[in-house]
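Let's take a walk through a protein structure together. Keep the model open as you read, and look up each part as we come to it.

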Amino acid sequence: MRGLLLCCFVALANLSLNPKKSYEYRYEGMVNFGLGKQNLAESGVKITCKVKITGASEQTYVLQVSDLAFAEYNGFPGKNGYDASPELTSRIAAQLVKPFMFEYANGHVGDISASHEVSTTIVNIVRGILDFFQVTVKTTQRVYDLEEVGIHGKCQSYYTIEENMVAKNVTISQVVDVTNCREKAEKYKGMATAVVDKLSKQRGESVYSTVRNVYTIKPTTEGGLLTKAEGRERQHFTPFNVKGGAFKMQATKELVLLGVSDTASTPTFGPMESKGDIIFKFANINYNFPILMQNLEDPIPKVITKLIKRLAAANSYQVDSATTEDCMKLYQLMKVVPLEGLTGLWKEFEGNPEQRRWFLDVTVEIGDARTFNFLKSRFQARDFTPTEAWQTYLMAVEHLEATLELVEITKEFLRIPYSKSDINLWHTVVLSYGSVVYKHCAYHTPCPVSIVQPLLDMATEALRGNNKEDMILALKALGNAGHPGSIKTIMRFLPGVAATPKDLPPAVQSAAVQAMRLIAARDPHSVRVLILQKDLPSEIRMLALVILFDAKPSMAAVSTVTEHLLEEEDLHVASFAYSYLEGFARSTTPDNHFLSTAANVAVKILAPKFGRLSYYYSKAKHMDWFDDDFLIGTATEMYMIRNAAYMLPAEVMMSGKLHVIGRIVKLLELGMRLEGVKELFGAGIPGFKGDYSFSDFEAILRVLDSWEDLPNNEPLFTAYSRASGQEWFYADVSKDLLRSIIMALNPSAWKGSPLWAAIETLKSGASWHYSRAFLIIEASYFLPSTLGLPVEISKYYNSITVMTANAVAKPPPTQHLRQLLNSEIELETDGFAGVTKDFWVFYGVNTELFQSGSEFHNKVPIGLPWKFTTKVNIPEKKFELEFPPCTKEIPLISMRADVYAISRNIAEPDMHKRTPIMPTPTESNPFWNPNYWHPSYNMCAESDIYGVGMCMEYDLRRQYYHEEFPLYYFLGYSHMELKIVIHFKKTQRKCLNINPISTPEALFNFKALAMAGNQKHEGYDAAVYYTPEANAHSTQLIVSQVGANTNWKMCVDTTVDARPEAKTHLRWGAECQSYEMSMTAGALPLNSSKPTLMSKVQFVRIPEYMEEMGKRVERYIPGMGLLLGFYQENERNANREVSASITAVSEDSIDVNIHFPEVSEETCFAVKHAISCATNGLRVFVSLLSKVHCVPQGCATFSWFSEFPAQHDNTTIDSFG
C-alpha cells in the first residue's frame, strides 16, 4: 500500500496535461449575493457548459467551450429558482465558443490567447475555469504553504494532501488567502485623495474573503489526472465592520471529467492575440455603471442630445426628482463619446445657456483625456466666459483618473494665453496642475521630478523677481502636488533654513510652510527643524507644528518637541503646542493610536508650566470620535494663530476629516489671514473697555473708518479653501474691492450706480435661474471572484440643484437711492430653491453583459417654492407680506431608501429585476422572521391665524437580528417626509410693523398680523418698555393676541441690578392671569473666598404639560445619578422651586448643586485624577485633582459601584460631571 502511495506521489510530481490527448469536462459556476437568510432576497448568476482541452504542442493547449447556458436568480431562497436567459446565452456564446489557447507546464497556466474580438470579460470567465489547473504539488509533504500566482494575484496558498486507498486517488485541499495577497488583483477608482488608514484595519475589516479549492487527482502512468475540482469563495462586505453583519457573496464552481480521448488531429484556429496570464484583468471600469444597464451601441450623440434637452426642460423651474436617474444614464453615455462627438455636441448646445450648462456639467464626468482635449480647444478658441472656464476646469480635474498622458495635457494649460486672462481662472489652472500631479503620484511610485518641474520653475522665477503673488501661487500649487522632489525649492522661501535667505512677507512664508503639508510624512525632519528654530517667526513655527502632527510623528519626535517646549519663551508657541497636544491626548481615531499615547505623556510633562494659559494666546483644538462597530469617525481641528504685537489673530483655520472603512477623507478646510485688518487694529483699540457697550462699538467703528490709511499693496484679508486636502480657491480682499462695494451701496448714489441698475432691472421684471448636476462621489473598489467574474463595490452620490427667482419691483419715481429708501417699495416674487440627492451603494458582479448583486438606493428631495408680494415702508417701519390663495401641501424634504436584490442584462436592459431584500410581511410568507419593526407616524400642527402648518410623516420597515448590529438596523424600507401645509382660501396679508415710541420708557412696538378675506386682523402685538434707574435696568415685554374673541396675553418683567442679579417674572394666559413663574440668576462677588453663580426658578401656576414634563425629569434624576456615580443625602427642599449653584471652592475645583423639589445633586469638578471623599456615608465630593483636600472623614479612590444610602423623599445626589 505504501508503494502505491509512493507511486501516486511520483506521478503527481509530473502533474500535467498530455498534449496528445483531449480532455472533456463539465463545468458549472454560480455566484450569489445576499445576506444568507432564508427570508431575505438574493440575486445571482449561473454558467454551465462543457469544456474541451486539446493539446496543440508540448506545452500549448486549446480550450473550447460548448453547450453554454446562462441563468439568472432573483428572489428568495427555497421559493425561487434560476431563470434561463436564452438571448444573453447567445451573446456570451458568440465569443465564448471561440477557441482559446494557453500555455501549461508543471501545473501552472502561462499566457492565454484568443481572437481579437473576444472581450476581456469573456477571457476572465475562461481564467476562472483554468484556475482549477493552477495547482502546486509537493511530493515530499502532506501539509505545506507557498506563495503562488492565481486568478486573485500572487497570494499565499495552504495545501493539505490526503490519499484515498479505496478510490485509488489523492485529494488536494487548497486554501488561498486572498485578503492579504502580496500582489493582489484589485483596483480602486475615485480614492486618490482618500488616505489609507492601516491602523483602522486592526479594528475591523469591511471586506473579508476566503477561497478553498478541492482537487481529486487520479494517478496515471502519464501523470496526475484531474478528475474533479470544486471551488468555493466566501466574501463578506459591509459599509461598516464585518463583525456586525455583512452582505455575503458565495461563488462556487465545479469541474468534472467526462472523458479522455486521443487527439485525432491538431485543432486549427484563426489569428490570436495575447490576453495575458492567469491573473484577472479589469475591463471597462470607467463606463460600466453598476446601477444601470443601457445599450451603448446606439447612436450615442443623438441619445445624449435628447437626454440633455429633456433634463434641461424638466428642471427649468424646479427639480424634477423623477429625472435624477436619467442623469446617471447621461454620465455613462458621455463616457463612450469620442472627442469629435464632444465637439459636435458643443456646437449643438453652445447657443442655449441652459443646455450649454448641462452639457458642460456632464462633460467633466468623462474623466479622461477626451475631456481635457475638448477643454483645451475651447480655451484656445476663448469659447468660455472666465467663470464658466474655471468652474468647468476645476470640476474636470476633480473627476479625472490621473494618467501620465493627462498630466502632460494639463501641463499644456499652463502655456495657453487664455488661462492667464482672468485671475481666478489662472489660480484654478495652476492649483489644479498640482492636484493632477498628486493624484498621479498616489498610484505611481517613485514619481519622476519632471512632472512637477513646471511648478518648481514657476516658484524659482517668482523668487528671483520678488513677485509676492506669483510666489504664493506657485507654493500653493507645490503644496497640492506634495512631491518630495520640491522640498529644496520650498526651503528657499523660509528664513533660517534657506541657504541664501531673503526677507519675504509673512504671507509667502506661511504659504511655504503649508506647501510641506503632504511631504512631511516622508521628510518629518525638515518640518521639525522649523519648530525648534526659536529665531523664526512664531507664526511659522506654529504652522510647522500643525504639519508635523498631521504627519503622525513618532514618540521620539513628540518627546523631542516636548523637551524643547519646556524651555520655550514664546508663550504663543507654547500655548498653541500644549492645546494641540491636549486634543491628541484624548483622541480615539485609529490613525492617532500611537500619537495619542505620546501626546498624553507630553501633556502631563507640560501641564504645570503651560496648562493655565488663557485664550489671549494662540490655540489649536483637536476633537474627534470613532466607532468600532461602524468603522466610522470624524475629526475636527481649529487653529487660532496670534502674535503678541497685534490684537487680532494673524491666521485662523478650520478643517475636518471623515474616517470611513479604512480610509481618511479630508473634508472642507477653510482659512483666513487677517493681514491689513490685523494692522488696522494693531495692539488694541483706543477707548475699548471690553464690556461691549455702545461706547465700545463706537471705538471699533472709529478704527474701521481709518481703513483707507492702510497700504495699497496689502490685502485687507485673504481667504482660502481646500477640499480633500487640495487647495482649490484663494482670494485677496483688497482696498479697491472694498471701495467699489461701498460706492455701489452708497445711499447718495445717483443713477448709473450698480445698485440703481439692479433696481431698474427689477422694475421691468427680472428672472434668474441656476441648475447644476454634480456627481459628488464616484468611488469604486474592484476585485475578482474565483469564477473570473468581476466583483465591484461602488458608491455614487449625485445631486441636481435648481434655483429660480422671478421678481418685479414697483418703486415710486425717484432721483437717487436716498429718496427710494424713504418711500414705500412693492416687490412681487416667485421662485424655487431645491436639490435632489441620490445615493447608491452597489455590491455585486458588474460586466457590460450582466449585473447581479445587492443595491442600496437613497433619494432625498429638498425644495422650497415661494410666491408672495411684499411691501416695505422704511420710514414707517412697516413690512407687509401678501400671499395668493392656496390650498396645497408643499413637501419641504423627504427621504426614501431601500435595499434591493438586482439582476440586469444587456439582452433586456429595460426588463431588469429589482426585488426589495426585505419584503412586506404577509400571511402567505412562511419565512418571515418575528423580529420585525414597523413604526409609522403622522403628525400635523397648523396655525389658523397665519394659515400655515407643518406635517411630518415617516414609515420604516426593519427586520433585525440582534447578533448582527449595526448592518441589519439599516436594511429595509425607509420613508420620511416633512411638508408645509398652506391653506389660504383667500388672499391673506402678513403685516410686520415695528414702531419705535418716542417716550423715554418704551423701546419699540412689533406687530405680526394676518388679514383674511373678511378684512379683519388677527395675529400678535408685542410691546417692549425700558425703564432706566440709578442702579438697575428694568424691561417689560407684553405680547397680546389680536382677534375678535381673545384675551390671551403674556407679560414678562425683567430687572438687572448692580450686584449683579437678574430677575424675571413671567405671567401668561387670560389677561396674564392663568399661569405664573419667576426666574432669578446672580453672582456673589468674584473677590470673595468662594465666588458663586446661582440661579432659581419658582413656579406658582404652570400648565399640566409643563408639570408632567417636570415630573418626568424629576423621576429621571435618581437613576441617572446612580449611573453617573452620584451620592445622596437627606435634605429638605422648597416645594415648587428648582435651583442651581456653582461655587469655586478652590483654584482647581468647583462645587455644583442642583435642587429639585424632591431631589438634589451636588458635585465637585476639577482636573486630573478621580477621588471620592466620604462623610459618614452621606456625602461625596468628587475631585479630579492630583492632590485633594478632603473633609476629615477620609478619602477613597473613586468607584462607580459605591454603596448608596437608603432612598429618602428629599435627597441630595453628589457626583462628578
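We begin with the whole protein and then visit some of its parts.

What you see is a predicted model, in which local features need pLDDT of at least 70 and side-chain atom pairs count only at pLDDT 80 or more, while totals for chains, interfaces and linings use all residues. Residues are numbered from 1 along each chain as its sequence is written, and side-chain values use heavy atoms, with hydrogens and water left out.

The protein contains 27 helices and 51 strands. Both are DSSP runs numbered from the N terminus: helices are H or I with at least four residues, and strands are E with at least two. Of its 1217 residues, 50% count as buried. Buried means under 20% relative accessible area, exposed means over 50%, and partly exposed lies in between, using a 1.4 Å probe and protein chains only. A contact means heavy atoms within 4.5 Å. Among the contacts with a separation of 6 or more, 65% are between residues 24 or more positions apart.

Let's start with strand 1, which covers residues 21–34. Ten of its 14 residues are buried. Strand 1 runs antiparallel to strand 15 (residues 247–262), and 14 bridges join them; two strands pair if DSSP finds at least two bridges between them. Along this pairing, Gly29 stands opposite Lys253. Strand 1 also pairs with strand 2 (residues 42–57), again in the antiparallel sense, over twelve bridges. There, Glu24 has Lys52 as its bridge partner.

Next comes the nonpolar interior. In soluble globular proteins, nonpolar side chains tend to be buried together. A nonpolar core is a set of buried Ala, Val, Leu, Ile, Met, Phe, Trp, Tyr and Cys residues joined through side-chain atoms within 4.5 Å. The largest such core here has 138 residues, and Phe359 and Phe379 have the most contacts inside it. A second, separate core of 81 residues includes Phe132, Ile172, Tyr781 and Ile917. Leaving out residues up to four places away in sequence, Phe379 touches several residues, including Ala389 and Tyr393.

Those two residues lead us to helix 10 (residues 386–398), where Ala389 and Tyr393 are among the buried residues. Helix 10 has 13 residues and reaches 18 Å from its first C-alpha to its last, close to the 18 Å expected at 1.5 Å a residue; the expected span is 1.5 Å times one less than the number of residues. Its buried residues pack against helix 8, helix 9, helix 11, helix 12 and strand 23.

Now find His572, in helix 20 (residues 571–585). Why does His572 count as buried? Its relative accessibility is 4%, so His572 counts as buried. Its side chain makes a polar contact with the side chain of Ser618, at 3.2 Å. A polar contact is a pair of N or O atoms within 3.5 Å; within protein, one must be able to donate a hydrogen and the other to accept it, and residues adjacent in sequence count only if both atoms are side-chain atoms. Not counting residues up to four places away in sequence, His572 also touches others, among them Met542 and Arg642.

Our last stop is Tyr973, in the loop between strand 34 and strand 35. Tyr973 counts as buried because its relative accessibility is 14%. Arg896 lies 77 residues away along the chain, with 7.6 Å between the two C-alpha atoms. The side chains of Tyr973 and Arg896 make a polar contact at 2.5 Å.
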